Amino acid sequence: MTTTTQPRRTAGPGPRIGLLGSYGGFNLGDEAILTCVLGCLRAHRPQARLVVFSRNAEHTRAHQPAADQVVDWEGVPQKQILDVLSGLDLLVLGGGGILYDGEARRYLRLVGAAQARGVRTFAYAVGAGPLREAEDREAVRAVLPAMDEVVVRDEESRLVLEEAGLDRDLTVTADPALLLPPEPFTDQMMRQEGIPADTRLVGMSVREPGRAAEKLDESDYHALLADVADFLVRRLEAHVVFVPMERQDVHHAHGVLSRMTAPDRGRILHSVYSPGQVLGFMNHLDLAVGMRLHFVIFAALSGLPVLPLPYSGKVFDFSRRIGAPALVGVAREQAGLLLAEVDRLWDEFPQRRDDLDARVRALRGVARETCVRCAVVLDSLEEQTGVAPDTERPGLHLLRPGTGTAT
């Protein structure tokens, strides 16, 4: 693969800003984050040249029109990457969960190379953990202190970085995908997926058991989730629609569907959709039960009663912030506990709806704060270089750092 440039979309001088994250179509949540970060930067600096470092440049070029240049950074000669880094004014790391064992060192190696070339660096609402391996912890301690600012998306990430030995101020905001705009998911799309009309629909997101349920084997975990799905079919007279957020989720959705006593009441979304379309699909649902963080985020944005399933600290943290049940350590023999929580959630949601809406509005405001903080770094960079920042910021409605008021 080679580094390829797309034509610039704006005229005139502007800062050259690189974005580095887990981009390239591997995870809908990461793609939602990229869409939102690009939108922030484009709104604040309409004439910036936005350069995305992607794990699959072809996918990013096809699905992220706000990017001016897309660079493959895996499996290419190092000199190509270093040449691109040297031409940047600012490198934005993240957002999303990228600082974890085996991966943190890879991302931070590029951040360190940018710093060595005099490029300013900013961590954009990143997620961290687990961080147990010595090489990744050392990379955190070596690179993050030299960044202009490190913004993390949740308290769990702050605690993980501090436990790894990072000694610097950290700002906690919220996941950038909270600012994703929905796109239509049409009735025609529903028909193409074989989803019936005029019936209650429950969305479900499943993945491998993960660390929060690591003692369960795959078969038992699928059976547990099948119990939940069958209960929802009976309790709500509903159909269950499985929503894959990564490619391998389809395998686990089939595993759950095959263990349901009412598999005819289940469907799996098979077509490829953008993050905005999946968010739009949520408007067709009545309830959501899910493991993937961004599935839970999309459900909350859509005002749905949502039960997060046990998976990881980032899901627990977000559950707490939206006031949703946060179950820990649910095992096969404890299926009754999970079913009781689903039942309670459905019955109590009419009284909790206003609280959820208020919490989501507040979180969206906090998510905007990351963009403001990145803009402050851009302003200082342009003051340093003698280039006046943009005075007009069309379409940008941000929060001043540390306040709840719009600019």
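Biologist: Where is Gly 95 placed?

Modeller: Gly 95 belongs to strand β5, residues 90-99. The model is a predicted one. The peptide bond that leads from Gly 94 into Gly 95 is cis, and its omega is near 5°.

Biologist: Which other peptide bond is cis, and what is its omega?

Modeller: The bond joining Gly 129 and Pro 130 is cis, with omega about -5°. Pro 130 is in the loop between β6 (120-128) and α5. Most peptide bonds are trans.

Biologist: How do you know that the length of helix α8 is close to the expected one?

Modeller: Helix α8 covers residues 218-236, which is 19 residues. The expected span is 1.5 Å times one less than the number of residues. For α8 that gives 27 Å, and the helix reaches 27 Å from its first C-alpha to its last.

Biologist: Why are helices α4 and α5 called roughly parallel?

Modeller: The axes of α4 (residues 104-116) and α5 (residues 134-143) cross at roughly 25° and come within 9 Å. Angles under 35 degrees count as roughly parallel, and α4 and α5 therefore fall in that class. Their crossing is left-handed.

Biologist: Which residues of α4 and α5 meet?

Modeller: On the α4 side they include Ala 104, Leu 108, Val 111 and Gln 115. On the α5 side they include Glu 135, Ala 139 and Val 143. By class, this contact of α4 with α5 has six nonpolar, two polar and four charged residues. In an α-helix, residues three or four places apart point the same way.

Biologist: What makes α8 roughly perpendicular to α9?

Modeller: Helix α8 packs against helix α9 (residues 249-257) at an angle of about 65°, and the axes are 8 Å apart. The class roughly perpendicular runs from 65 to 115 degrees, so α8 is roughly perpendicular to α9. The crossing of these two helices is right-handed. Glu 218, His 222, Leu 225 and Ala 226 of α8 touch His 251, His 252, Gly 255 and Val 256 of α9. The contact of α8 with α9 divides into three nonpolar, four polar and one charged residues.

Biologist: In what order do the five strands of the open sheet stand?

Modeller: The order is β11-β10-β9-β12-β13, and the pairing is parallel.

Biologist: Why do β11 and β13 count as the edges?

Modeller: β11 (266-268) and β13 (306-308) each have a single partner strand, so one side of each has no neighbour in the sheet. From one strand to the next, the twist averages 20°.

Biologist: How do you know that β10 and β11 are paired?

Modeller: Two strands pair if there are at least two bridges between them. Strand β10 (residues 238-242) and β11 have three bridges, in the parallel sense. Phe 242 stands opposite Ile 268 in β11.

Biologist: Which helix lies across β9, β12 and β13?

Modeller: Helix α11, residues 293-301, lies across β9 (200-205), β12 (287-290) and β13. Helix α11 runs at about 165° to β12. Angles over 145 degrees count as roughly antiparallel.

Notes: Residues are numbered from 1 along each chain as its sequence is written. This is a predicted model: local features need pLDDT of at least 70, side-chain atom pairs count only at pLDDT 80 or more; totals for chains, interfaces and linings use all residues. Side-chain values use heavy atoms; hydrogens and water are left out. Helices (H or I, at least four residues) and strands (E, at least two) are DSSP runs, numbered from the N terminus. Axes are lines fitted to C-alpha atoms, for helices over the stretch in contact, and angles run from 0 to 180 degrees between N-to-C directions. A crossing is left-handed if the near helix is turned anticlockwise from the far one by less than a right angle, and right-handed if clockwise. Contact means heavy atoms within 4.5 Å. Ala, Val, Leu, Ile, Met, Phe, Trp, Tyr, Cys and Pro count as nonpolar, Asp, Glu, Lys and Arg as charged, and the others, Gly among them, as polar.
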